[in-house]
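Colleague: Could you take a close look at one part of this model with me? I'd like to see how that part sits in the whole chain.

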Amino acid sequence: MEQYECPFAVGDIVVFMEPSEHDKARRPGWNGTMERLVGSTAAVERIAWDDECDSYLIRCDNGRWSWKDSWLQNPYSLF
C-alpha cells in the first residue's frame with residue numbers, strides 16, 4: 001500500500017481513542033492497560049511508518065505504547 005500523509009505532527013496534542021474490537025486484534029496490538037488512557041490527551045513524540053500494518057505508529061505516552069494513527073484524534077475535531 002502506498003504511504004499516505006500522517007494526520008499528525010510531532011508536538012501535536014491528540015486524544016487517545018478506543019479502536020474497534022477488530023482493530024484491537026491487529027498489529028500493533030492493543031493492551032488492556034491502554035484503555036486507561038482513552039479520552040485523555042498527550043503530545044505526539046515520535047511518528048514512524050509501519051509497513052506491516054500499513055499505517056503510522058505514533059508514540060505519545062512517554063514511549064510506552066505504539067498507537068496507530070487511527071486510534072488518535074485531534075481534540076478540536078471532537079466538537
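What share of the contacts in the protein chain with a separation of 6 or more comes from residues 24 or more positions apart? And could you then walk me through the hairpin that β3 and β4 form?

Modeller: Happy to! Please keep in mind that this is a predicted model. Your share is 62%: that is how much of the contacts with a separation of 6 or more come from residues 24 or more positions apart.

Now to the hairpin. Strand β3 covers residues 46–50 and strand β4 covers residues 55–59; the two run antiparallel and are joined by five bridges. Within this pairing, I47 of the protein chain faces I58 in β4. Between the two strands lie four residues, and in that turn D54 has a positive phi of about 50°. As a general point, side chains in a regular strand alternate between the two faces of the sheet.

As for the setting, the protein chain contains one helix and six strands, arranged along the sequence as β-α-β-β-β-β-β. Its radius of gyration is 12 Å, close to the 12 Å from the globule rule for 79 residues, so the chain is as compact as a globular protein of that length. Along the principal axes, the C-alpha atoms fill a box of roughly 30 × 25 × 25 Å.

Of the 79 residues, 38% are buried. The chain exposes about 4900 Å², with carbon and sulfur atoms supplying 46% of that area.

Technical notes:
Residues are numbered from 1 along each chain as its sequence is written. This is a predicted model: local features need pLDDT of at least 70, side-chain atom pairs count only at pLDDT 80 or more; totals for chains, interfaces and linings use all residues. Side-chain values use heavy atoms; hydrogens and water are left out. The radius of gyration is taken over C-alpha atoms; the globule rule is 2.2 Å times the number of residues to the power 0.38. Buried means under 20% relative accessible area, exposed over 50%, partly exposed in between (1.4 Å probe, protein chains only). Contact means heavy atoms within 4.5 Å. Accessible areas come from the Shrake-Rupley method with a 1.4 Å probe; for residues, only the protein chains shown count as cover. Two strands pair if DSSP finds at least two bridges between them.
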